[in-house]
Amino acid sequence: MTYQETLAYLYQQLPVFHLAGKQAYKPGLLTTEILLEHLGNPHRKFKTIHVAGTNGKGSSSHMLSAILQEAGYKTGLYTSPHLKDYTERFKINGVAIDPERVVAFVEENRMFIQSVTPSFFELSVALAFYEFARQEVDVAVIEVGMGGRLDSTNVIVPEVALITNIGWDHADVLGDTLPKIAAEKAGIMKAGVPVVISERQPEIDEVFQTQADTLRAPLTFASDRYTVQTEEIKEGKKVLTIESMKAVQIVALDLLGSYQAKNVLGVLETTRVLTQSGYVITPENMKKALGCVVPLTGLKGRWQQLSTQPLTYADTGHNEPGIREVFKTIASINYEHLWFVLGFVADKDLSKILPLYPTQARYVFCQASTPRALPAEALKELAAKHGLRGETIPDVNEALAYVRTHAEVRDLIVVGGSTFVVADLNEL
């Protein structure tokens with residue numbers, strides 16, 4: 001098969017969450033373990049770092065990968081979902097694997113795949129571990145897909161686990177309270193393995209502490225050790241003054257979203273834990289890596305600037321806490337009028353999300369190319385109930401082109417609402 005034929009086969013044969021939603025979710029580790037046993041347990045042949053959380057786990061994973069790469073380690077990076085191409089999920093030193101490796105993996109294992117009928121995500125996890133072992137990475141940063149306890153990635157015993165934060169997302173799968181969701185994320189903790197929590201959240205801190213105590217896993221809340229004293233955008237970087245144990249360091253991030261100030265604290269603490277366990281990572285490695293996360297890892301869609309005049313950004317924030325952070329970033333920018341090109345998936349509870357958007361902004365409602373997309377007209381009707389009014393242009397690229405022809409030079413345009421809306425942008 002060609003690469004495109006291989007992808008078509010995978011999409012047709014296996015349940016795909018980003019296309020089908022909840023019915024494609026397959027909790028539990030058994031199928032993944034069976035697949036990995038068939039492949040020779042590749043996940044045991046290299047070291048790992050496990051990253052979970054509601055928001056920030058993708059950005060944090062990329063930052064950690066950049067730091068390890070800059071320190072000279074051959075670094076694997078597994079993330080999901082992809083924005084443009086399936087191979088984005090599997091990177092080694094910031095480079096996506098060759099499409100032919102996907103073809104070869106499926107061809108070599110097709111009969112076994114058909115016999116165990118994994119989900120698309122389970123097969124992707126197995127492919128990631130297989131390819132990282134085949135290419136002999138030193139360490140791999142592994143991002144959880146959903147939750148943690150029952151996520152396919154939870155077959156690993158990492159060097160350290162990082163949990164970024166807990167918010168309302170996938171509550172129909174993970175639980176209807178924050179403590180329940182936190183318990184699922186805490187499921188990535190392993191006996192004796194250090195765990196870092198990026199930020200304290202009083203209503204759920206005890207969930208993490210109890211789980212860590214049970215497993216005798218050293219636990220650190222990064223926000224206890226590090227404090228952001230100042231932040232500013234300077235020469236295209238987010239410059240943070242961070243105090244830690246009476247020492248002060250300046251971090252210049254090429255990731256500009258306001259939420260990165262929280263994410264970087266967990267990354268700094270995770271890196272400190274790694275150095276304590278023997279990894280050689282210098283302050284210079286960290287400084288250089290954090291200023292070059294995008295070129296080092298190929299990260300896309302995190303408050304990514306698409307153009308100037310008018311200033312245009314795309315962001316994959318797609319749940320209540322993620323979108324609140326987007327608005328914090330917007331508040332730091334001077335602009336004349338605010339425009340949104342906005343789309344969501346149909347299974348998203350918008351009752352907590354749409355009220356966050358300002359009624360005075362200008363809207364163009366669109367829909368992503370995924371079958372899960374909420375039709376643009378349906379979104380327009382829902383938005384109107386919250387005082388949000390605008391045009392309907394289903395294709396995101398046509399919607400953005402429309403806004404650019406109507407916006408003034410000093411306006412601000414934000415494209416988002418759904419990862420899949422951002423993924424459809426031709427400019428990404």
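## Strand pairing in a predicted model

Two strands pair if DSSP finds at least two bridges between them. In this structure, which is a predicted model, S14 and S15 are joined by 4 bridges and run parallel. Within this pair, valine 341 lies opposite valine 364 in S15.

S15 also pairs with S16, in the parallel sense, over 3 bridges. Here tyrosine 363 has glycine 390 in S16 as its bridge partner.

## The sheet of 6 strands

These strands belong to an open sheet of 6 strands with mixed pairing, ordered S12-S13-S17-S14-S15-S16. Its edge strands are S12 (304-307) and S16 (390-392), each of which pairs on one side only. From one strand to the next, the twist averages 20 degrees.

Strand S13 (residues 311-314) and strand S17 (residues 412-416) run parallel, joined by 4 bridges. Tyrosine 313 is placed opposite valine 414 in S17. Helix H16 (residues 396-406) packs on this sheet and touches S12, S13, strand S14 (338-342), strand S15 (362-365), S16 and S17. The direction of H16 makes about 165 degrees with that of S14.

## The sheet of 8 strands

Another open sheet is formed by 8 strands, in the order S4-S3-S2-S5-S1-S6-S7-S8, and its pairing is mixed. Strand S4 (95-96) and strand S8 (219-221) stand at the edges; each has a single partner strand, so one side of each has no neighbour in the sheet.

Strand S1 (residues 47-52) runs parallel to S5, and 5 bridges join the two. One of the residues involved is lysine 47, whose bridge partner in S5 is valine 139. Helix H9 (residues 205-215) packs on the sheet, where it touches strand S6 (160-163), strand S7 (195-197) and S8. Between the direction of H9 and that of S8 the angle is about 160 degrees.

## Valine 141 in strand S5

Strand S5 (residues 139-143) includes valine 141. Is this residue buried or exposed? Its relative accessible area is 0%, and because buried means under 20%, valine 141 counts as buried.

Leaving aside neighbours within four places in sequence, valine 141 is in contact with Ile49, Val51, Ser61, Leu64, Ser65, Leu68, Thr75, Gly76, Leu77 and Tyr78.

The axes of helix H4 (residues 57-70) and helix H12 (residues 283-290) come within 8 Å and cross at roughly 130 degrees. That angle makes H4 oblique to H12, and the crossing is right-handed. On the H4 side the residues that meet H12 are Met63, Ala66, Ile67 and Glu70; on the H12 side they are Asn285, Met286, Lys288, Ala289 and Leu290. Sorted by class, this contact has 6 nonpolar, 1 polar and 2 charged residues.

Threonine 271 lies in helix H11 (residues 260-276). With a relative accessible area of 1%, threonine 271 is buried. Not counting residues up to four places away in sequence, threonine 271 touches Leu64, Ile67, Ile281 and Met286.

## Cis peptide bonds and positive phi

Most peptide bonds are trans, and most residues other than glycine have a negative phi. Where are the cis bonds described here? One runs from serine 80 to proline 81, with omega near -10 degrees. Proline 81 is in the loop between strand S2 (75-78) and strand S3 (90-92). Another cis bond runs from glutamine 309 to proline 310, with omega near 0 degrees, and proline 310 is in the loop between S12 and S13.

Asparagine 93 is not a glycine but has a positive phi of about 50 degrees. This asparagine is placed in the loop between S3 and S4, and at 36% relative accessibility asparagine 93 counts as partly exposed. Tryptophan 303, also not a glycine, has a positive phi of about 45 degrees. Tryptophan 303 is found in the loop between helix H13 (293-297) and S12. At 4% relative accessibility, tryptophan 303 counts as buried.

Terms used:
Residues are numbered from 1 along each chain as its sequence is written. This is a predicted model: local features need pLDDT of at least 70, side-chain atom pairs count only at pLDDT 80 or more; totals for chains, interfaces and linings use all residues. Side-chain values use heavy atoms; hydrogens and water are left out. Buried means under 20% relative accessible area, exposed over 50%, partly exposed in between (1.4 Å probe, protein chains only). Contact means heavy atoms within 4.5 Å. Axes are lines fitted to C-alpha atoms, for helices over the stretch in contact, and angles run from 0 to 180 degrees between N-to-C directions. Angles under 35 degrees count as roughly parallel, over 145 as roughly antiparallel, 65 to 115 as roughly perpendicular and the rest as oblique. A crossing is left-handed if the near helix is turned anticlockwise from the far one by less than a right angle, and right-handed if clockwise. Ala, Val, Leu, Ile, Met, Phe, Trp, Tyr, Cys and Pro count as nonpolar, Asp, Glu, Lys and Arg as charged, and the others, Gly among them, as polar.
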